[in-house]
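Please take a moment to look over the sequence and the structure before reading on. The paragraphs below then lead from one part to the next.

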Amino acid sequence: DPQQLELATSGKRKLRRFIVIDEVVDKLYGSKVREYFEENNVQHKILALPTTEETKSMDLVLNILQEVQNFSIDRRTEPIIAIGGGVCLDIVGLAASLYRRRTPYIRVPTTLLSYVDASVGAKNGVNFLQCKNKLGGYTPPVASFLDRSFIQSIPRRHISNGLGEILKMALMKHKGLFDLLKSHGKYLLDTKFQSYSSSADHGDAALQTTRIAIETMLEELAPNLWEDDLDRLVDFGHLISPELEMRVLPSLMHGEAVNVDMAFMTYVAHTRGLITAEEKEQIIQCMRGLELPVWHSGCSWPLIKRALMERLKHSGGQPRMPLPTGLGVAEIFNDTSEETLERAYKLWVRD
């Protein structure tokens, strides 16, 4: 906006920014962030918070809003900046959407999971009454800034966690992405998604996998940003996992819970005759190669039934179950019998 640019560069008004940063990220990068704003002569307030699934609540949203009010931002020209993982981006997105009805905000994801998942789309939210993301809304950010160098400081398990969401897109929409994960999974874990000029054998696997994952996610989300259509391939791995994740907190991370769900649904697809035994095996082996859990003791038959009943309540009375029909292709099904599900469950537990 030329007027805003004129204001910013004329020196008539000092630039101001309110930043919410995850407290772990703050320990690693906080000094760099402060240095950046100081060097650019930006008046700023940095709020470092513990943003985890356990703290992802309306209370934290209200804490943020109290600080925003104290700092007193101009909601037309001073976007709130969120720097952290998916939980941080979700909480800040909700806070921004509530402040003066809608304040712009910017997402800066610092984990692999948030880089390929939370950075894309319009959703934000918090947990409520032991239910995942029960309160929230649809307010897209004005921008997402993607910088893979953040990912080099996260633990290996967190890389694996993010690979769960990338694998979801591969299984639903992109055989090429599945092949990349199968061939380069260990390399991506070892190098923490950094690009090295010496990695000729791997092409730039990190850039390729993240780009394809984000592009396929955008293809799915952009035409249906407000979820008017409830038939969503991106719901693969998200039918049982919300119930499982909240039940076993903090033992499973989000991408891990999603993968346990995907592993079970892979067995459902095989039991229905949608994929061959060899395809099922390829998928499970790929999951193991990405160091993702393919089963969890908390994922009991009663929990699966309860989660699917909950699904029916929120998806117009239909299960709308995305299932692979091959490698990198999928469809949504509403006619999977309980007998088929139980048979798949027994096979899954046996294996």
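Helices (H or I, at least four residues) and strands (E, at least two) are DSSP runs, numbered from the N terminus. This is a predicted model, in which local features need pLDDT of at least 70 and side-chain atom pairs count only at pLDDT 80 or more, while totals for chains, interfaces and linings use all residues. Residues are numbered from 1 along each chain as its sequence is written, and side-chain values use heavy atoms, with hydrogens and water left out.

Is Leu-244 buried or exposed? Its relative accessibility is 0%, and therefore Leu-244 counts as buried, since buried means under 20% relative accessible area, exposed means over 50%, and partly exposed is in between (1.4 Å probe, protein chains only). Contact here means heavy atoms within 4.5 Å. If residues up to four places away in sequence are not counted, Leu-244 touches Leu-252, Ala-257, Val-260, His-296, Gly-298, Cys-299 and Leu-303. Gln-43, by contrast, is 201 residues from Leu-244 along the chain, and the C-alpha atoms of these two residues are separated by 43 Å.

One of the residues touched by Leu-244 is His-296, which is placed in the loop between helix 11 (277–289) and helix 12 (301–314). His-296 counts as buried because its relative accessibility is 18%. With neighbours within four places in sequence set aside, the residues in contact with His-296 are Leu-244, Val-248, Ser-251, Leu-252 and Val-260. The side chain of His-296 also reaches the backbone nitrogen of Gly-298, at 2.8 Å. This is a polar contact, a pair of N or O atoms within 3.5 Å; within protein, one must be able to donate a hydrogen and the other to accept it, and residues adjacent in sequence count only if both atoms are side-chain atoms.

The next step is to see how helices pack against one another. Two packed helices are described by the angle between their axes and the distance between the axes. Axes are lines fitted to C-alpha atoms, for helices over the stretch in contact, and angles run from 0 to 180 degrees between N-to-C directions. Helix 9 packs with helix 12 at an angle of about 125°, and their axes are 8 Å apart. Helix 9 is therefore oblique to helix 12, because angles under 35 degrees count as roughly parallel, over 145 as roughly antiparallel, 65 to 115 as roughly perpendicular and the rest as oblique. Glu-243, Leu-244 and Arg-247 of helix 9 make this contact with Leu-303, Arg-306 and Ala-307 of helix 12. Sorted by class, the contact of helix 9 with helix 12 has three nonpolar, no polar and three charged residues, where Ala, Val, Leu, Ile, Met, Phe, Trp, Tyr, Cys and Pro count as nonpolar, Asp, Glu, Lys and Arg as charged, and the others, Gly among them, as polar.

The residues of the contact of helix 10 with helix 11 comprise seven nonpolar, three polar and one charged.

Some features of the backbone also deserve attention. Most residues other than glycine have a negative phi, and most peptide bonds are trans. Leu-249 and Pro-250, however, are joined by a cis peptide bond with omega of about -5°, and Pro-250 is in the loop between helix 9 and helix 10 (254–271). Asn-41, in the loop between helix 2 (23–39) and strand 2 (43–49), has a positive phi near 55°. Asn-133, in strand 6 (residues 131–138), has a positive phi near 50°, and its relative accessible area of 34% makes Asn-133 partly exposed.

Finally, helix 2 holds Asp-26, which counts as buried because its relative accessibility is 17%. The side chain of Asp-26 makes a polar contact with the side chain of Arg-34, at 2.9 Å. Apart from neighbours within four places in sequence, Asp-26 is in contact with Ile-21, Ser-31, Arg-34, Ile-46 and Ala-48.
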